[in-house]
Amino acid sequence: MTVTTYGEHSENAAQELNALIRDDVLPSDEQAVDQLLHCREAVVDALRQRLYDLGQDSWYPPPDHLPARTPKPTLAGLDDKLASLVDNIAFALPALPLEERRAQADYLTPASADRTVESWRTAAIELLSASHALSTAETQPWRTDPGAGWWVMRDVAVALEAVLVLDSRLEEVGLLAQHHRPEFSMGLDEKRMVLSQAARVATWHATSASPEDATPRLRQPAGSTVVEPVALVSTPSDLAAAQQRLAGFLRPMLASDSFYAGEPEISADSARQVTASQLYLCRAFAAAASQSPKTATLAAFFNERAEVLESLQPQISHLADVRADQEPNMRRFWQQSELTTAVARMEDHGVALALQPTQMVELAQATHEVTHNLGKALRRELLRGTTNLVDAHPRHRDGPVRVGRRSRLEATLTDLVNMPAPSEPIARFSNPLQRAALQQTLNLTPTASSRTPMPFPAARSTTYGAPAF
């Protein structure tokens, strides 16, 4: 296996699940059936582990699969309960008895001559590898960023619906008769409705495809004690990670934080440097985004940021520190300098800031975090009672004065803080082929039912005196 990213594993798994739904063939050999059922169990475990990583449960149940909570879904407010309903559906799937389960190496290692069993085995390996990549990734933004979490939830919902369709076929021939299953108030049609709606809502709200590039974290050398506070930028693809690192350095601390000792949130020099540098970067990013029709909409996002920063720059030109102490966080200087010099170097050498649409979206998200944290930190420092920043403009005859509320500078910073984050669904820029094909196959695969639903609404009873049509 040469693929390592979550996205590649998920694509391969979706391809195998799609083939299983379209072929609708089951093995007859007893050993093949046993391997199939164990591979199916691994598929279910991989999806449950992914839900656990998303934080839907505070603990992961042991292998005996305790009964899931029985929900009573209603259409009112359904979207707000989708994540929990998907979690409940996953943990209510039929499970092999504990005494019949074997080590995964026993049934995932040997290849099968049966095409159906081999597809189940490959799907299990790929889904387990994808979940492992998410669980052990060095950075895991999908745990805290809803835009990235919805991307993972969409994959889980689509794969779960595929498992439900395949389980219904196994149920027809009695292959799941001996499995443990908790009582559940939802039928197959209701489960598929919830999962398809979850996939649709996830497509709307997934604004980041960062899980696609998740890889298992490499083990660090035991003797290494080197700390690298700055994210280096050597290629345009490194810009988003560097901006995210800078956003973390700019994030203001609260008075309730145990490490906060009353030091200034940001110094005057740091505020001027970051503002001027981000203005330069936003203009460069806007020019790069306008070069591709797919990312042209993001050019307006960067230009709006540049306009506010351009308005802010002259207003902070006369800010001064009350106490000329050292900058409380020198990593801001280092990271911002690395970003600015890297982009300037690329422009001097004729290196275009060519980024994939998903990378440009990630860069826009990171730039929003930088400008948001810059405005919040500077505004908080200006308005706090023991501020270290004053306005030293020469027009003040009595010397430097404090920046008050409802001043022009405070209003500009408020505008910067309240600027919206990019809200474009990431599916407009990235729609993985195999997972899209699997979702389309599910849309065209009806649930087996003894009665075909009718498209005609029930006749309405007329009341006396009602107007006739």
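Leaving aside its neighbours within four places in sequence, with which residues is Phe-302 in contact? Select Phe-302 and display what surrounds it: Cys-282, Phe-285, Ala-286, Ala-289, Met-360, Leu-363, Ala-364 and Thr-367 are in contact with Phe-302, where contact means heavy atoms within 4.5 Å.

Two notes on the basis of this tour are required. The model is predicted, so that local features need pLDDT of at least 70 and side-chain atom pairs count only at pLDDT 80 or more, while totals for chains, interfaces and linings use all residues. Residues are numbered from 1 along each chain as its sequence is written, and side-chain values use heavy atoms, with hydrogens and water left out.

**The whole chain**

Now select the whole chain. It has 14 helices and two strands; these are DSSP runs numbered from the N terminus, helices being H or I with at least four residues and strands E with at least two. Of the 469 residues, 48% are buried, meaning under 20% relative accessible area with a 1.4 Å probe, protein chains only.

**The core**

Return to Phe-302. Together with Leu-378, Phe-302 has the most contacts inside the largest nonpolar core, which has 122 residues. Such a core is a set of buried Ala, Val, Leu, Ile, Met, Phe, Trp, Tyr and Cys residues joined through side-chain atoms within 4.5 Å. Next, select helix α6 (residues 146-172), which gives the most to this core, with 16 residues.

Axes are lines fitted to C-alpha atoms, for helices over the stretch in contact, and angles run from 0 to 180 degrees between N-to-C directions.

**Helices α1 and α14**

Finally, select helix α1 (residues 6-23) and helix α14 (residues 433-443), which pack at an angle of about 30° with their axes 7 Å apart. Therefore α1 and α14 are roughly parallel to each other, the term for angles under 35 degrees. The contact of α1 with α14 has eight nonpolar, six polar and three charged residues.

Note on methods: Angles under 35 degrees count as roughly parallel, over 145 as roughly antiparallel, 65 to 115 as roughly perpendicular and the rest as oblique. Ala, Val, Leu, Ile, Met, Phe, Trp, Tyr, Cys and Pro count as nonpolar, Asp, Glu, Lys and Arg as charged, and the others, Gly among them, as polar. Buried means under 20% relative accessible area, exposed over 50%, partly exposed in between (1.4 Å probe, protein chains only).
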